[in-house]
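Student: I would like to learn how to read a protein model feature by feature. Could you take me through one, giving the general idea and then the case at hand?

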Amino acid sequence: MKKTLLSGNEAIARGAWEAGAGVGTGYPGTPSTEILENLVTYPDVSCEWSVNEKVALEVGLGAAFAGSRTLVTMKHVGVNVAADPLFTAAYTGVKAGLVLVSADDPDMHSSQNEQDNRHYAISAKIPALEPADSQEARDFTMAAFGLSEEFDTPVMLRTTTRLSHSKSAVATGERTASPVKPGFERNAKKFVMIPAYARLRHVVVEERMRRLEAYAETTPLNRVEEGSGKTAFITSGIPYTYVKEAFPAAPVLKLGMVHPLPRKLIEKFCREHG
């Protein structure tokens, strides 16, 4: 591996390419725009802007159903537009991995409102990952594709403005081939969400959430950093970097998977540091 100075957006594009993504779609909007602008510069990946975020996600779902790992990018308010196919995609699942980047904008640097789109992950019942720096942006993007295929679900990668536009050193690797066999397989009970089939898929969604909850307890995406002092922190994303700067010696439970939460791990950390 070699190290390169990358912004969070550049690192997400790099991670998608290294993970073998074949398609990138999205709708431009700060702080997400540079992801697709960088992904299109890599070979062997087809990228396109869509007329809106809903269409972008639908294009991405079609590609994933056909066996191509796909990255879909948008800013936080764009997920409002894409919510219709997002909630249904949680029922249909995917074939190849599908990662939805929600680039949130705390303090409204370039947006008309503030949204915490982790709430969308909770409502749609899909897993959400939140990187804290550019290295994790690359690593978590790659992990998200594997998670998507393992649990047959879209995965949200939630970023914020500070992560999107700040730069740090990133260890990069080479592109790997997607493990998914290309080609669309007809399966109406999985992909056609008329009520009779959707009721059956709802059972699948609930069972998947139980498996994801168990996964959250042991995944290395969540980690405990031992330390000293009377104050301990549970944090994720960019706030983790602020904690490490202000309280470098403090114990920290650093959450990389922010939905579902590792409740047993959190309870144990609180008991030990309460």
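Student: Let me begin with charged side chains: which residue forms a salt bridge with Lys95?

Tutor: Lys95 forms one with Glu185, and their closest N and O atoms are 3.5 Å apart. A salt bridge here is a side-chain nitrogen of Lys or Arg within 4 Å of a carboxyl oxygen of Asp or Glu. Lys95 sits in the loop between α4 (76-92) and β5, and Glu185 in the loop between β8 and α8 (188-191), so the pair ties together parts that are 90 residues apart in sequence. Helices (H or I, at least four residues) and strands (E, at least two) are DSSP runs, numbered from the N terminus.

Student: What should I know about the model itself before going on?

Tutor: It is a predicted model, where local features need pLDDT of at least 70 and side-chain atom pairs count only at pLDDT 80 or more, while totals for chains, interfaces and linings use all residues. Residues are numbered from 1 along each chain as its sequence is written, and side-chain values use heavy atoms, with hydrogens and water left out.

Student: Is Glu185 buried or exposed?

Tutor: Glu185 counts as exposed, because its relative accessibility is 53%. The cut-offs are under 20% relative accessible area for buried and over 50% for exposed, with partly exposed in between (1.4 Å probe, protein chains only).

Student: How many salt bridges does the structure hold?

Tutor: The structure holds 21. One of them joins Glu10 and Lys167, with the closest N and O atoms 4.0 Å apart. Glu10 belongs to helix α1 (residues 8-18) and Lys167 to strand β8, so this pair ties together parts that are 157 residues apart in sequence. There is also a network of salt bridges linking Asp104, Asp116, Arg118, Glu130 and Arg158.

Student: Which residues is Thr172 in contact with, leaving aside its neighbours within four places in sequence?

Tutor: Contact means heavy atoms within 4.5 Å. By that rule Thr172 touches Met1, Lys2, Thr4, Leu6, Arg14, Glu18 and Arg138. Thr172 lies in strand β8 (residues 167-172) and is buried, its relative accessible area being 4%.

Student: Now the sheets: how do I read a strand order?

Tutor: Strands of a sheet pair through backbone hydrogen bonds, either parallel or antiparallel. Two strands count as paired if DSSP finds at least two bridges between them. In this model, 7 strands form an open sheet with mixed pairing, in the order β3-β2-β4-β5-β7-β6-β12. At its edges stand β3 (46-49) and β12 (257-259), each with a single partner strand, so one side of each is left without a neighbour in the sheet. Within the sheet, β4 (residues 70-75) and β5 (residues 98-104) pair in the parallel sense over 6 bridges, and Met74 stands opposite Ser102 in β5.

Student: What packs on this sheet?

Tutor: Helix α3 (residues 53-65) does, touching β2 (23-26), β3, β4 and β5, and its direction makes about 170° with that of β4. For such angles, axes are lines fitted to C-alpha atoms, for helices over the stretch in contact, and values run from 0 to 180 degrees between N-to-C directions. The buried residues of α3 include Leu57, Leu61 and Phe65, and its buried residues pack against β2, β4, α4, β5 and α8.

Student: Which strands make up the sheet of 3 strands?

Tutor: That open sheet has the order β9-β11-β10, with mixed pairing. Its edge strands are β9 (223-225) and β10 (233-236), each pairing on one side only. β10 and β11 (residues 252-255) pair in the parallel sense over 4 bridges, and Phe233 stands opposite Val252 in β11.
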